[in-house]
Amino acid sequence: MSDQDETPVLEITGLRLSYYTRAGEIPAVMDFDLKIAKGESVGLVGESGCGKSTVANGIMRYMGNNGGIVGGTIKFKGRDMADMSEEEVRRLRGKDIAMIYQEPMASLNPSLTIGQQLMEVPMNHEGASEEEAHQRSFDMLSAVHIPDPQRLMDSYPHQVSGGQQQRVVIAMALLSKPALLLLDEPTTALDVTVEAGIVELIAELSKETGTSLLYISHNLGLMLEVCDRICVMYSGEVVEEGHIDSIFSWPTHPYTHGLFGCIPLPHADKNARPLTAIKGQLPLPHQRPKGCYFGPRCEFFEAGTCDQDQIPMAAVHTDDDPAHRVRCARWDVIDPKSFVPEETVKREVIPVGETVLEVKDMRKYYEVKDSSLAALFSGGEAKQVKANESISFRAGEGETVAIVGESGCGKSTFAKVLMGLETATEGEVNLSGTNLGEIAVGDRTAEQLASLQMVFQNPNDTLNPSHSIGYQIGRVIKRFGIESDPAKIQELVFKLLDTVKLPRAFATRKPRQLSGGQKQRIGIARAFAGNPKTVIADEPISALDVSVAAAVTELLMEIQREHRTTLLFISHDLSAVRYLADRVVVMYLGQIMERGATDEVFSPPYHPYTEALLSAVPIADPEVQKRRIVLEGNLPSPLNPPKGCPFSTRCPRKIGAICDDEVPPVQFAGDRHAIACHIDMEELRKVEPVITIPDRDMDAAD
Amino acid sequence: MTDTTNNAPIAKPDSMLVTIFKSVALLRESPVGIIGGLIVLMFVFLAIFAPIVAPYDPNAPMVPFAFPGSEAPDGGTFWFGTDQLGRDILSRIIWGGQRVLFYATLATVSAYIVGILMGLAAGYFRGYLDEIISFFANVILSFPIMVLYVLIIANLGASGVNIIFAVVFASSPGIMRIVRGVTMDIATRDYIAAAQTRGEGPWYIMLVEILPNARGPLIVDFCLRMGYTTITIGALGFLGLGLPPPDPDWGGMITQTRSFVTGGFPYMAIFPACAVSLLVLGFNLLADGLREVSLRD
Amino acid sequence: MLQLILRRIGMMILIMLVVALLLFMINEGDPRLIARSVLGPYAQADQLQLWIEQNGYDRSMFIRYFEWLGRVMTGDLGHSIIYKRPVADIFWDRLGNTGILAGVTFVIMVIVALVLGVLAGMKEGSPQDRAISVLSIATTSVPEYASAVILAGIFVFWLGWLPGTSSMTSGFNIVELILPVMVLTLYGFGYIARMTRASMAEVMTTPYIRTAVLKGLPYRHIIMKHALRNALIAPFTVIMLQINWLLSGVVVTEFAFGYKGFGALLLEAALRRDIFVIEACGIAAVFVAVFTQTIGDLGYTYLNPRIRFK
């Protein structure tokens with residue numbers, strides 16, 4: 001019998017999990033090994049469908065009606081959980097092993113107060129009295145930095161913000177001081193500045209309490225901030241595991257390496273160092289190839305070696321990290337870094353042409369009707385939501401302008417106004433000299449419509465599920481009067497499919513037969529069908545996995561380059577924005593905080609909000625140094641924004657009452673680099689850069 | 001590329017009938033739905049071939065009060081017996097089924113056309129149009145449905161056309177509400193914005209972009225509503241407000257014979273009662289199966 | 001919350017006014033038809049004209065509408081043509097009888113439906129779920145007029161346990177109530193049960209139930225404290241709406257069993273054009289339906305904390 005402390009908190013060997021569907025048994029996780037020591041935090045990273053959440057459910061023995069544990073053992077503190085009775089497992093859950101999930105709102109019961117939901121944990125597991133449970137809940141809420149715990153305990157979940165809800169869920173999980181905490185994408189549903197606070201909290205609490213963590217995420221950058229070790233999963237298997245530094249420094253499996261190539265790291269550049277997307281797509285669980293599941297997508301695939309038996313894990317780089325293992329048959333003969341795909345050769349910088357789109361002091365206010373009787377009698381004082389407040393900027397031919405901001409910043413409203421789905425309250429939107437701001441979509445000419453098109457966010461929503469792909473693209477060609485002869489329309493549809501690199505046979509398919517990335521490609525084909533002058537892309541990649549997102553991003557830019565289209569790229573993802581935009585507009589609560597060329601915005605002087613935003617974005621490169629700025633509080637409601645600077649309630653550099661009361665002036669740091677802030681420009685210039693990129697990358701990028 | 005699919009014509013949008021057929025074809029995965037479908041098909045078959053299948057003239061008086069299974073004067077069998085006027089109950093059920101199915105289908109389809117148009121317009125245009133349509137729908141829906149039927153038929157008189165009118169009047173608001181809800185949901189989808197930004201007109205968007213995607217809940221509701229309408233037509237016949245005699249309708253048959261139930265001849269009313277229940281059960285099972293299948297994918 | 005209640009009540013009054021107007025227009029829109037109904041088929045044209053003038057029916061319909069509305073509100077429901085008595089004399093009695101029938105049915109139906117619905121929805125796809133689901137589909141497929149004769153065949157003819165009519169000729173007799181209640185319950189419970197089942201099944205798959213399970217709470221506690229509270233919100237509205245359907249069923253059932261309720265009264269009046277009785281019954285039926293619907297809506301918002309504490 002070994003020493004108590006050496007027994008791992010969790011030890012999984014040869015775990016196999018399956019789901020049972022009408023099509024038969026579908027293995028979701030295969031041959032999974034994992035050991036977590038006391039106080040250790042391990043990351044499980046992979047794209048959607050790789051089985052990472054299934055592992056967590058398997059550990060909890062919560063597989064639903066159609067799932068089951070097929071093989072292997074899960075030992076918790078040395079005891080095999082398969083030997084435990086239902087009742088024993090129940091007592092373990094929430095006490096010794098706790099779990100935190102993706103959607104904090106959905107994971108809290110809407111009809112019980114937060115206090116009731118917290119208190120039942122100690123009352124149930126430890127038979128605590130009501131007073132004791134109350135006290136412990138109160139203390140735990142304080143520990144997760146909730147300002148007014150008593151008020152929160154009396155609230156219902158929908159009455160508090162998303163960030164607060166996630167703090168409540170964390171508090172709930174930690175109430176019984178579990179030995180192991182499973183976190184399944186705990187911050188994915190949150191805004192990036194809120195996410196930063198939660199991640200910091202998790203890291204802090206796990207250090208304090210000695211709780212072991214299993215952190216599940218698709219975001220490699222987050223792993224770096226929380227985990228000691230990571231496992232990279234692909235199609236139900238771990239393909240590589242090891243200490244975080246080792247994996248980030250020497251990614252050995254071609255998939256791991258490929259993932260890094262897909263992430264727009266600070267040193268990537270759309271012209272000099274474009275992203276290298278992984279070809280192909282994740283195999284469906286029942287279509288996995290023989291041998292290495294990554295084989296068909298791998299650049300180093302060798303028939304006879306990679307498509308034979310199941311490939312075992314092999315230890316690599318043992319000098320630096322004895323725990324680094326990889327599931328690749330050819331790891332010792334290949335060097336993933338040597339691979340340079342032909343498509344990613346350096347590209348010419350496209351010169352920006354004359355101004356195509358000019359937005360001048362555009363405002364969009366919504367009236368929120370107060371339909372109460374009182375309002376009816378008092379004449380009805382309609383409240384205004386200022387979704388967009390004095391938006392101004394220019395975009396030239398072939399230029400990419402990114403509009404970046406968190407949820408509720410008004411970026412989508414802005415897109416709607418441009419497209420004519422809403423009309424501007426005030427101001428101008430000039431597209432090639434015509435003011436479109438007040439022309440609703442129904443009143444625009446076919447030419448005006450064709451010259452301004454949009455790529456939408458949600459791949460599952462962008463295409464009409466009832467019609468074939470060919471019909472949907474063809475309809476655009478017909479509407480814009482480009483062609484009316486059916487045979488010629490068909491020819492054009494085929495050409496567009498070629499452009500977005502999809503087989504022509506897709507013309508007859510229905511959207512549900514396509515993957516998310518393919519649907520987005522169709523969305524792009526549709527937007528470019530009328531050869532538009534300007535395309536608005538509203539978060540076109542935010543719903544896609546990294547490897548797919550990279551391919552879609554590259555495609556979008558390639559077509560833009562060819563057509564010299566002006567691209568308005570709306571995004572919350574600063575990394576993607578830095579990578580592909582020429583100019584950046586930073587928005588917060590409907591107003592522009594800062595705008596300028598990409599380099600200008602990403603280096604000092606910053607608007608304090610830009611500064612915080614930059615700091616919050618996780619970067620999957622251990623050599624990049626970040627200055628930590630964690631914002632307090634939550635986004636104010638757009639219904640009731642602060643009177644002066646919209647950012648004044650959360651600003652770490654607030655200078656006084658002037659920020660609350662007066663709208664900040666627009667100061668120019670450069671020719672077209674504008675910052676709306678009360679702080680003196682000279683002060684702003686003194687700030688250190690938030691992100692320091694090591695020299696090796698700077699050399700290459702220039 | 002010498003891909004043969006290069007020359008394949010681009011598929012036109014499937015017609016509504018094809019999409020409906022495809023949804024119904026999925027039914028093979030639900031045993032409950034298949035049973036329901038078979039029951040309904042059996043009644044449809046009997047209705048179409050009533051002149052061939054029905055052993056006797058439904059209105060011909062033969063032997064009064066003959067028990068089920070007794071021998072007919074021509075050597076045949078009164079499988080379900082005869083009524084107090086000596087008419088063969090089986091034949092009356094078969095012919096009555098034809099009438100019920102005919103009027104139920106016509107009435108439900110008409111109600112659907114009205115309900116869909118109203119619901120699309122209310123859900124897509126919103127604003128005052130929606131408020132007006134919804135208000136009148138609320139007014140109609142606040143009548144207990146049988147009270148509404150009684151008031152309408154008592155005022156207009158009992159006839160096939162009036163029954164159809166009453167069904168359209170009473171059930172199109174319910175259909176409108178469903179369509180309105182689904183329309184409002186679908187109208188927020190990006191593909192609707194995409195259609196708007198290529199300059200499509202409102203009716204194209206409603207009929208081509210929205211309606212086909214609403215078919216799931218509508219097909220299920222259609223089957224349920226066929227059941228309700230069957231019940232309603234029967235109830236009107238039962239209350240003496242139904243299709244005019246002497247041609248048989250199930251509700252009328254029950255009401256004409258129900259006084260004999262306690263007097264020794266329960267079968268006279270029970271057979272048509274079972275026929276109504278079986279047909280409605282068929283529609284309900286079919287709807288349940290379709291719902292189950294549509295939720296799966 | 002108070003505003004919501006006031007708005008709903010305002011809506012209810014508006015709907016009632018429009019319904020009343022519709023009823024009035026249908027029944028009293030054409031004064032000659034009223035005169036004909038009152039004086040009978042053999043009255044001469046000048047007699048009809050005289051009656052119209054004497055009773056003020058030559059005035060504008062809207063004036064008459066508001067007068068009539070005022071009278072109805074003060075309890076004067078007019079005079080029955082068939083019974084030759086004030087409508088109020090018969091009407092309240094009949095309404096009370098229907099209240100007893102519908103009330104007993106409602107209580108039994110709701111209890112049965114909720115218990116079965118929750119049992120079925122707790123474990124979706126289990127044998128008990130399938131059995132309850134099929135049962136409730138089957139019973140909802142048997143309309144009242146069909147189950148009335150089928151049950152009468154069984155309990156009255158073959159078994160001889162129950163009386164075949166419910167006219168209560170020799171005073172109130174609870175035994176006579178059994179068949180009508182059975183008929184109404186059988187047809188009505190299935191819908192509520194299925195809605196409850198759907199709601200319960202949906203709640204059981206929500207992330208917050210997963211949270212409760214993974215908190216290690218006992219199953220009983222999860223069902224009673226976490227699931228039921230949320231699962232019963234939606235059926236509440238359905239139950240209130242069911243009263244509207246119950247009133248429909250009452251018309252058929254009262255006719256089938258000769259029960260002296262307001263449904264039978266309405267039917268008789270409609271067939272014989274007893275205008276003031278039709279109006280009284282119509283208004284009463286719609287009032288009950290709209291009132292319960294309003295309660296249903298308000299209850300839904302009250303039970304749902306997401307709306308209550310906005």
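Below is a chat about the contacts between chains and a few individual residues.

Q: What scores does the predictor give the complex?
A: This is a predicted model, and the predictor gives the complex an ipTM of 0.88 and a pTM of 0.87.

Q: And what is the mean pLDDT of chain C?
A: The mean pLDDT of chain C is 87, with 99% of its residues at 70 or more.

Q: Let's look at chain B and chain C. How many residues does the contact take from each?
A: Chain B puts in 41 residues and chain C puts in 45. Together the two chains bury about 3,800 Å², and 76% of that is on carbon and sulfur atoms. On the chain B side, F135(B), S142(B) and L239(B) supply 14% of the area buried against chain C, more than any other three residues.

Q: How many salt bridges are counted between chain B and chain C?
A: The count there is one salt bridge. D288(B) pairs with R194(C), and their closest N and O atoms are 3.1 Å apart.

Q: Which helix of chain B gives the most to the side that touches chain C?
A: That's α12(B), with twelve residues. Helices α5 (127–141), α6 (145–156), α10 (215–238), α11 (250–257) and α12 (267–296) of chain B each supply at least two residues to that side. Sorted by class, the side of chain B that touches chain C has 27 nonpolar, ten polar and four charged residues.

Q: Can we zoom in on S141(C)? Where is its place in chain C?
A: S141(C) lies in the loop between α6 (127–140) and α7 (144–158) of chain C.

Q: Buried or exposed?
A: S141(C) is buried, because its relative accessible area is 0%, and the cut-off for buried is under 20%.

Q: Which residues does S141(C) touch?
A: Leaving out residues up to four places away in sequence, S141(C) touches S277(B), V280(B), L281(B) and N284(B). With N284(B), the two side chains make a polar contact at 3.0 Å.

Q: Switching over to chain C and chain A: how much area do they bury between them?
A: About 2,600 Å², with 59% of it on carbon and sulfur atoms. R210(C), L214(C) and K215(C) supply 26% of the area that chain C buries against chain A, more than any other three residues. The contact takes 23 residues from chain C and 31 from chain A.

Q: How many salt bridges are counted between chain C and chain A?
A: Two salt bridges are counted between these chains. One pair is K225(C) and E120(A), whose closest N and O atoms are 3.5 Å apart.

Q: Which helix of chain C gives the most to the side that touches chain A?
A: α9(C) does, with six residues. By class, that side of chain C has nine nonpolar, six polar and eight charged residues.

Q: How many salt bridges are there over all chains?
A: A search of the whole structure finds 47. In chain A, for instance, the side chains of E87(A) and R90(A) meet at 2.6 Å, N to O.

Q: Where do E87(A) and R90(A) sit relative to each other?
A: They are three residues apart in helix α2 (residues 86–92) of chain A, so about one helical turn separates them. E87(A) counts as partly exposed at 35% relative accessibility, whereas R90(A) is buried at 16%.

Q: Which parts of the chain does the salt bridge between R197(C) and D129(C) link?
A: The side chains of R197(C) and D129(C) meet at 2.6 Å, N to O. The pair links distant parts of the chain: R197(C) is in helix α8 (residues 174–204) of chain C and D129(C) is in helix α6 of chain C, 68 residues apart. D129(C) counts as buried, at 3% relative accessibility.

Q: Which residues do salt bridges with shared partners join into one network?
A: R475(A), R479(A), R198(B), E200(B) and E209(B) are joined that way.

Q: Last one: how many residues of helix α13 in chain A are buried?
A: Seven of the nine residues in α13 (residues 411–419) of chain A are buried, so the helix is mostly covered. Among them are F414(A), V417(A) and L418(A). After α13(A) comes G420(A), with a positive phi near 90°.

Terms used: Residues are numbered from 1 along each chain as its sequence is written. Chains are lettered from A and ligands numbered from 1 in the order in which they are written. This is a predicted model: local features need pLDDT of at least 70, side-chain atom pairs count only at pLDDT 80 or more; totals for chains, interfaces and linings use all residues. Side-chain values use heavy atoms; hydrogens and water are left out. Contact means heavy atoms within 4.5 Å. Buried area is the accessible area (1.4 Å probe) that two parts lose on being put together, summed over both. A salt bridge is a side-chain nitrogen of Lys or Arg within 4 Å of a carboxyl oxygen of Asp or Glu. Helices (H or I, at least four residues) and strands (E, at least two) are DSSP runs, numbered from the N terminus. Ala, Val, Leu, Ile, Met, Phe, Trp, Tyr, Cys and Pro count as nonpolar, Asp, Glu, Lys and Arg as charged, and the others, Gly among them, as polar. pLDDT is the predictor's confidence in each residue, from 0 to 100. Buried means under 20% relative accessible area, exposed over 50%, partly exposed in between (1.4 Å probe, protein chains only). A polar contact is a pair of N or O atoms within 3.5 Å; within protein, one must be able to donate a hydrogen and the other to accept it, and residues adjacent in sequence count only if both atoms are side-chain atoms.
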